[in-house]
Every structure is written in C-alpha cells, then in structure tokens.
Amino acid sequence: MNAVEIRNLSKSFGKKQAVNGLDMTVPMGAIYGFIGENGSGKSTTEKMICGLIPCSGGSIKLYGKDHTDPSVRARVGVLIESPGCFPSLTVFDNMMLQAENLGIKNAEKEVIKILKTVRMEGAAGNKYKNCSLGMKQRVGIAMALLGNPTLLVLDEPLNGLDADGMRIMREVFTDIVKDGKRSIVVSSHLLGELQKVATHYEIIRHGKMIREMTASELDGDCRTYIALKADDMGKAKYILGGKLSRVSEDEAGYIRVYDPVTPEETAAYLYKNGVTVTEIMTDKIGLEEYYIDLMKGGK
Amino acid sequence: MNDALKFPKHSFGQRVKTMMKVDVRRMLKSKVFYILLAVALIIPIVMTVMMTMMAGKESTDPQTGEVTVMEGPESVWESIGTLPTDEAAEKPTDGEAQMGDMDVMAMCNINMAFMGVCVFVCLFISDDFRSGYAKNLFTVRAKKGDYVVSKTVCGFICGSLMLIFYFIGALLGGAISGLSFGLGTLNIGNIIMCMLSKIFLMLVFVSIFTLISVSAKQKAWLSICGSLGGGMLLFTMVGMITPLNSTVINVILTLVGGLLFAVGLGVISKTVLKKSSLV
C-alpha cells in the first residue's frame, strides 16, 4: 500500500489547465520531494490531495482510501502557502484551536510538546501577528505536526527559516518517517536543502510529470564532473574549450569539465600546454543542476 | 508511533461537538462578539432615555409654522415589539400612515439585532478563509456539513444573546426613564412568546447570512453587503411575524420556519463548500 497514489489527475480553472494527467506514487515512509517551476501545478496538486479544491478528473488515494474519506483526512497534517493562524490570537491559542479541531486529548500538553520540537515554546504567548516570518513558518510546521499525522503535505516549509530552523526541520522530517509508515510530501525551491532529506522525487512541468525517481536513481543520473583551478585560469579555459565540448566556469571560480575524461588526463593535457593545475577534484552535480538541466531539455 | 495506520471514524455528533467547541472558543475570544453584545445592551438604554427626555417638546417648522410635538415611548415594551392595531385596518385612509409608523417602530427596536448579527456571522466566517485557517480545518475535516452546522449554531447563539441583551437593555432603559412596565391587554406570556419567536426566527436570518458568507468566503465586505441586502427582504416581516401579542402559534411557526430554513440553506451552503475552492 502506498501513502499517496494519484492517477491521471487533472484540474482546470476555466480554460487554464493547471494539472494535466498527473501521476504520483508516494511510498510509505518516504520524504517525497515535489519539484517544479512557479505555476507548474505543485500547490494545486497539494491542495487537491488535502481536499481543498475539487479535482476535475483522475483519482487520489491516501493509504488505499479515497482522499475524501474523513477518517484518513483526519490524519493529514498540512502547511500550504501560509500557516492559517488568526493574527489576533497568540501562537498557543492558535495551536489549541487546531488541537481541539483534531480532538486531541491533553491538548495543552501536546501543544507544548510540539512547540518545543520546533523551538517555539518561548514565543507561545506572542500574538501571531507579532511573529517574524521565520517564526510564523515554524508555527505553521508545528500546526501541521499536531495530532501525530500519518501524512504531511508541506508547501515550501523551508521558506524564511534560518540555518538552525532548517536543521531542525530536517531532523523532524527524518524522525517522522523513521517508522516506515508515515510519509511527507514536500515541495520546495530550496533544492539543496531538499536533497539532504528527500528519499523520492517528482519533477513536474505545466501540470505534467516529467520524472519520478528515488534518491538513489537521482544519484545515478547525476553526471560527474571535474572541477579545477589553474595558475592561468583564462588560458586553461581556452585550452580545454578547444579540445573538450562541455567546459564552463562555476560561481566559485572553478573550471568544470563535464566530458568523460579523468582528472589525470586533464591535468596532463593542461601541463603539456604550459598551464599548471593547482587544485583538481571530481564531483557530482546536485539536484539543483540536475533539475535545471532537465528543464532545459538536457540530461 | 504504532498508531500510524489507524484511521478512526467519528460520528456526526462527535465531529460537530469538537467543531462547536473550537468555534465557541473562537467566539468567546472574538472582539466583535463582545462589541455586538455591548451595542445590543447600550442602544435600547440610550434610545429609551433620549426619546423620553425629548417627549413633549415642541418644534416649529420655520417655513410652514407647523408645530410638531415630539412623541416618546409610553411603555417599556415598545422597544421589544409592536402591536398591530385594529384601527389601522378600520381606517383605510390613515392606513398608510399607520403602516408607516409601524414600520419605523418595527425597525428601530429589538429587531435591529437581526441585522446586527450579520456582522458577526460574516466576519466570523470570512476570518476563517482570510487567515487561511480554513485550509487547516478542511484538510482534517472532510465533512463540510459539520462546518455549516457549527457556524449556524454559533451565529444563532450570538443572535439570541443579542436579543436577550437588547431585552435587558430595554428594561434598564425603561427603569431609568421611569416608563410604564404595565402590560395593558397583554400578559407576561405574550412577552415570553414574542421573545421566543424572535429567537427562533433568528435561525432563518443566520442561515441566510451563513450561506452568503460561505459563498463570499474571504470577501467580508461582499458577504456583509449581501447579507444586509438579503436580510432586508425579510426584515420588514419580523414585526408582523413576532408581534408583542405573540402566542404559541407564533413560536411554532418561527421554530418550524427556522429549522426548515436552517436545513435547506445548510444543504445549499454545504454544496457551495463542496463544489468550490476553499483557499
């Protein structure tokens, strides 16, 4: 049984087709990175999973049940776009409202526990409207975590979080799925952060799935490259560019060689042409570059 | 962690109970709720005292020289409701004026609570959508009917409290102004029936306001304007349906009408929520 199983899902707003025959399979225990450019249909899909907007076609199953089944929906935690808190109420009161909504016993105890998890216990008495962007995001995640959800659907949960906040979230996500039954669907544009935790990915464009893969499949697909620095960078780039087809310079000032050559061959060739390599290493492209390549139609 | 794959089912009663708990908690933390109750209490006191103070004063029209004597309330119960007079029916030529008088009386009394409650219902519901709370709510609560029931009941509680507060305010205002508490041809039973009829009739108004609010979602201005417009259509009938000399028939009529409206409009509200985007 899969946590989420979407088949041929579609959604149109008037003439605009936001989601067009989308498939998605989220296994139990997965942290499922849902990636796509702005307006690609990620949030619309997530809203349909949560029953917030009706589907135009297709089916969504959560743990083998239809996504409209109240029993399964009661076990879904959600953070979509904004945390959904009342500005004039305190963080604690907002959390209590959701806890009561979920019918949690010992609600106060549970709320305090979750606030501690996201390091927000000190701000429990603050009015929500007075919280900073990062704090609001933490409250949103805390709201989603209430009631020990079986499935978490998070839209851009890492936005506005500081480094510590992101680390905490990574720990929380890993902790949630460790029993192998709970799952998280998370969309984010912070692909570097997502890559640190995700076990599965789906990349969508114009409401259609482009690629669905596991983290190990992504690893296999990510091409290796040689990064080097030389005593004369301009000359090195010129020489390599004359012989090899895929040479570029990255933001850190390294020359990258994507052609299938070894570091030894590359260094020797440059040395033969009067350039000394001062630093050389091999690495793999990350999710971000893979995604950009895929969007450009590359491999 | 062992309960990860448990999906317990809850009965309608359990679901509505927990949702009501949340909504009542929210209502009790809402400033609008207390402001409306305060207004419902203060308005009859201020109006009764002012009108009593101005009673008997003469004003002269500078153009025609016509002298008008200001009339004040004669009884405390005038703030609660109007009494249809036989004379209005007997005198067709004066009938228009009589009806006009009755309309003004009917509008500037306790019946204002019927329109006042629309502010509460519209803001209460639009806040859910404006803050994004509706997303959290409808994700974990798939049954839209629970939401409609809970909001209607909360609106009904607020409306009923406004009526009761207005009633108390009218009594206090009357006592301060030294107005008569005499019932005349009426009896205390009529007053109780009148109040009960008004309370049950509140269900009709709240159901209309709930339907308009769930349709307008986060647009509070639209729901308030729509509710005022929609409510106004029925507003003029409140005085006739719930006069001061109400009997059990009025109570039964308003109770049945209230329930029918609540169920009928509740089903439509539920369908609107089901078929439309909730974010």
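Let's start with helix H8 of chain B, which has 29 residues and reaches 42 Å from its first C-alpha to its last, close to the 42 Å expected at 1.5 Å a residue. Please keep in mind as you read that this is a predicted model. H8(B) is mostly covered, with 23 of its 29 residues buried. Just after H8(B) comes Lys217(B), whose phi is positive at about 50 degrees.

H8(B) covers residues 188-216, and the loop between helix H7 (144-177) of chain B and H8(B) holds Leu183(B). Leu183(B) has 15 C-beta neighbours inside 10 Å, so Leu183(B) counts as partly exposed; a residue needs 20 or more such neighbours to be buried and 12 or fewer to be exposed. Leu183(B) also pairs up in space with a residue from another part of the sequence: Val76(B) is 107 residues away along the chain, yet the two C-alpha atoms are 9.1 Å apart.

## The sheet of chain A

Over in chain A, four strands make an open sheet in the order E2-E1-E4-E5, with antiparallel pairing. E2(A) and strand E5 (65-66) of chain A stand at the edges with a single partner strand each, so one side of each has no neighbour in the sheet. Helix H1 (residues 42-49) of chain A packs on this sheet and touches E1, E2 and E4 of chain A; its direction makes about 120 degrees with that of E1(A).

Now for the pairings themselves. Strand E1 (residues 2-13) of chain A is joined to strand E2 (residues 16-27) of chain A by nine bridges, in the antiparallel sense. Within this pair, Leu9(A) stands opposite Leu22(A) of E2(A). The two strands form a hairpin with two residues between them, and Gly14(A) in the turn has a positive phi of about 65 degrees. E1(A) is also antiparallel to strand E4 (residues 57-62) of chain A, with five bridges joining them. Here Ser10(A) has Gly57(A) in E4(A) as its bridge partner.

## Where the chains meet

The contact between the chains takes 38 residues from chain A and 29 residues from chain B. On the chain A side, helix H2 (70-73), strand E6 (76-79) and helix H3 (91-101) each supply at least two residues. H3(A) gives the largest share of that side, five residues. By class, the side of chain A that touches chain B has 19 nonpolar, nine polar and 10 charged residues.

Which helix of chain B has an axis that comes within 8 Å of the axis of H3(A)? The partner is helix H1 (residues 12-28) of chain B, and the two axes cross at roughly 160 degrees. H3(A) and H1(B) are therefore roughly antiparallel to each other, because angles over 145 degrees count as such.

H3(A) makes this contact with Leu97(A), Glu100(A) and Asn101(A), while H1(B) brings Thr18(B), Lys21(B), Val22(B), Arg25(B) and Arg26(B). By class, the contact of H3(A) with H1(B) has two nonpolar, two polar and four charged residues.

Terms used. Residues numbered from 1 in each chain as written. Chains lettered and ligands numbered in written order. Predicted model: local features only at pLDDT ≥ 70, side-chain atom pairs only at ≥ 80, totals over all residues. Contact = placed C-beta atoms within 7 Å. Nonpolar A, V, L, I, M, F, W, Y, C, P; charged D, E, K, R; others polar. Pairing = 2+ DSSP bridges. Axes fitted to C-alpha atoms, helices over the stretch in contact; angles between N-to-C directions. Parallel < 35°, antiparallel > 145°, perpendicular 65-115°, else oblique. Expected span 1.5 Å × (residues − 1).
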